[in-house]
Amino acid sequence: MLKVEVVGKNGFEPSNSNRDYAQKKLQKLENQFKNDDVVARVVCKVYPTYHKVEITLPTKSAILRSEAKEKDIYAAIDISIDKLQGQIRKYKTKRDRTNKEAIKDVEQAWVNVKEPKLVKSKDIELEPMSKEEAIDQMELLGHDFFVYLDSSTHKTNVIYLRDDGDYAIIETKTK
């Protein structure tokens, strides 16, 4: 069963109309999650020139996520859901490949489609550094992300440049 949670950020509070629209559109995906209890989280943000909608669907075996930026909140919801439907199709196709009977059908459908593959691997030496030093290194390299060893926690972290121009950090932890 698919449940929908619509929230706002950046001082934006979605109206009942926004919530109803997102719920109605996402209910069309409910048949994709027949045996799973899934909570779709729709985050609506407003910026001076556009609206941004992020949808996250954590399932038992994968986390599906999409986002869209548009001048109109309803258009952003539509585009984000379209992207999500594409991810669901792609995920289900890949999952079906493990089913022996489905392999032949999938191979026929994908005859002319090039599968993405890992084409490069890179070893890096992690230098202990602060968050500020990591940002400086990332900017010097001209990258939009940087992997480093945090000097205060001694954990591997990833710092990245967000679409809004700010930075964010992914901090690792072990189970």
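Author: What follows goes through the sheet strand by strand, then the helix, and then one lysine.

This is a predicted model, in which local features need pLDDT of at least 70 and side-chain atom pairs count only at pLDDT 80 or more, while totals for chains, interfaces and linings use all residues. Residues are numbered from 1 along each chain as its sequence is written, and side-chain values use heavy atoms, with hydrogens and water left out.

Four strands form an open sheet of mixed pairing, in the order E1-E2-E3-E4; helices (H or I, at least four residues) and strands (E, at least two) are DSSP runs numbered from the N terminus, and two strands pair if DSSP finds at least two bridges between them. Strand E1 (2-9) and strand E4 (63-70) are the edge strands, each pairing on one side only, and the twist averages 15° from one strand to the next, with axes fitted to C-alpha atoms (for helices, over the stretch in contact) and angles running from 0 to 180 degrees between N-to-C directions.

E1 and E2 run parallel and are joined by eight bridges, and here Glu 5 has Arg 41 in E2 as its bridge partner. Arg 41 also stands opposite Thr 56 in E3, where E2 and E3 pair in the antiparallel sense over six bridges and are joined by a hairpin through four residues. Strand E3 (residues 51-58) pairs with E4, again in the antiparallel sense, over eight bridges, and Lys 52 has Lys 69 in E4 as its bridge partner.

Helix H1 (residues 16-27) packs on this sheet, touching E1, strand E2 (38-46) and E3, and its direction makes about 145° with that of E1; contact means heavy atoms within 4.5 Å. Asn 18, Ala 22 and Leu 26 of H1 are buried, where buried means under 20% relative accessible area, exposed over 50%, and partly exposed in between (1.4 Å probe, protein chains only). Seen down the axis of H1, the buried residues fall within an arc of 55°, so they line one face of the helix, the arc being that of the directions from the helix axis to the C-beta atoms. The face turned away from that buried side carries the exposed residues Asn 16 and Lys 24.

Finally, Lys 45 is found in strand E2 and is buried, with a relative accessible area of 9%. Leaving aside neighbours within four places in sequence, Lys 45 is in contact with several residues, among them Lys 9, Tyr 50, Glu 54 and Arg 162. The side chains of Lys 45 and Glu 54 are joined by a polar contact of 3.3 Å, that is, a pair of N or O atoms within 3.5 Å, of which, within protein, one must be able to donate a hydrogen and the other to accept it, and residues adjacent in sequence count only if both atoms are side-chain atoms.
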